[in-house]
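Hi,

Here is the model we talked about, ready for you to open. My notes on what turned up in it follow below.

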Amino acid sequence: VSENRPTGLREQLLALEVPSPSLRERYENEVRAQLEQRLSPLQRTCAWLSLLVNILLAAGLLARAEWVELLSVPAGYWVLLAAAAVGLTGLSAWSGYLLWRGSIHRLGQEPWFEAFGLIVTGAIAAALFWLAWQGDNLATSLQATAVALILFGIVGVLTLWSVQRRHHLETKVKLLELELRLAELAERLERSES
Amino acid sequence: LVLARDEQAIRDELLVLRCQRGERAAFAELFHQWERRLFYYVRRLVPQEADAWDALQKTWLKVLRDIRRLRDPAHLRVWLYRLARNTAVSHFRLERALRTRLESEGDVGDMVCSEELFQLEDAELVHHALGRLPLPFREVLTLHYVEDMSLVEISAVLGVPVGTVKSRLYYAKRAMRDLLLSEGKRP
């Protein structure tokens, strides 16, 4: 005897599984709580520290008396320092936003973490360059420059990788959207023919 | 105009990519689309409803954490069911119940695919019988009837060879028929 599975058997089976409203509600609340995690006291303290320290660091970078002198150094150098200051300000702004919200939403945070990681590493590299430039000791300056170059290399590679991955994802999404439109069109054609 | 894949498969793949892009709406859609089906499956694995909701909640956590690492979005269905199964099995210590060698299980060769055992028209009968079969039979039949999965897909979810799925499915259907016959219901 061949099996003749009725259409919509899945839907019928699913309809027969009636969940208890109270358990379902508890589940929904727990899932929501997982997605929107409230800041723990430790996380709150870290966010406050990040907010204050980053603002101070950014302000310190911008307010240095040597800043004006730096303008006479080779082009691009002060831009890096400005980028570091912007990164630090961004970090403090993000910390402030978290404190204001009182919670972290787990979805879609990764790109921001990545971007901030890259900015901070870039800022550290820029600061090392600055130290190397200021230092009187040639050996120490060379060491600081080497470390800064390595950090810049890492930032560069990670940025390229991240951009390439994002582009790859965007291309795949566009291709799939196109494929979906074709599939819809094919279905319409089929319907009109029949 | 002939396309290699159906619309639903393309939509599923697109949904995964949107989740990988970090779109919140895509996650909401993923939850909405799969929640009932996964719950039905997990509910067949664990004895209490509360446990099934717990397992499902833990499954979603893993989905959120790992979906960016899902290399082939076309395998979303198998991946979700495998995650749900592994979560339920490890959390509720079902390994023993699932490893139980069923006496009726044996090699059935190529019999299963060509020879179906009975007609299934009444979802209520299937639903009722599913709850009374041994766990390994129950889960293989759930994947077969609810998801209409192929043998290869079921083997990927369960982590057993295709041959084992084949014979398990054959004996599971037979067990279901016997159960319904013994209760005087027409299978």
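A word on terms first: a residue is called buried at under 20% relative accessible area, exposed at over 50% and partly exposed in between, with a 1.4 Å probe and protein chains only. Helices (H or I, at least four residues) and strands (E, at least two) are DSSP runs, numbered from the N terminus.

This is a predicted model, in which local features need pLDDT of at least 70 and side-chain atom pairs count only at pLDDT 80 or more, while totals for chains, interfaces and linings use all residues. Residues are numbered from 1 along each chain as its sequence is written, chains are lettered from A and ligands numbered from 1 in the order in which they are written, and side-chain values use heavy atoms, leaving out hydrogens and water.

Let me start with H7 of chain B, residues 123-130. Six of its eight residues are buried, namely B:Ala123, B:Leu125, B:Val126, B:His127, B:Ala129 and B:Leu130. What do they pack against? Their partners are helix H1 (9-16) of chain A and, within chain B, the helices H2 (24-45), H8 (135-146) and H10 (162-182); contact here means heavy atoms within 4.5 Å.

Now the interface. Chain B and chain A each bring 48 residues to the contact. About 4900 Å² is buried between them, 59% of it on carbon and sulfur atoms; this is the accessible area (1.4 Å probe) that the two parts lose on being put together, summed over both. On the chain B side, B:Arg21, B:Trp53 and B:Arg68 lose the most area to chain A, together 14% of what that side buries.

Nine salt bridges link the two chains, each a side-chain nitrogen of Lys or Arg within 4 Å of a carboxyl oxygen of Asp or Glu. One of them joins A:Glu184 to B:Arg11, with the closest N and O atoms 2.9 Å apart. Helices H1 (7-20), H2, H3 (49-66), H7 and H8 of chain B each give two or more residues to the side that touches chain A, and H2 of chain B gives the most, with ten residues.

B:Asp51 is buried yet has no salt bridge, and the nearest side chain of opposite charge, A:Arg26, is 7.0 Å away (Lys and Arg count as positive, Asp and Glu as negative; His and the chain ends are not counted).

Finally, chain A has seven helices and two strands, and 30% of its 194 residues count as buried.

Best wishes
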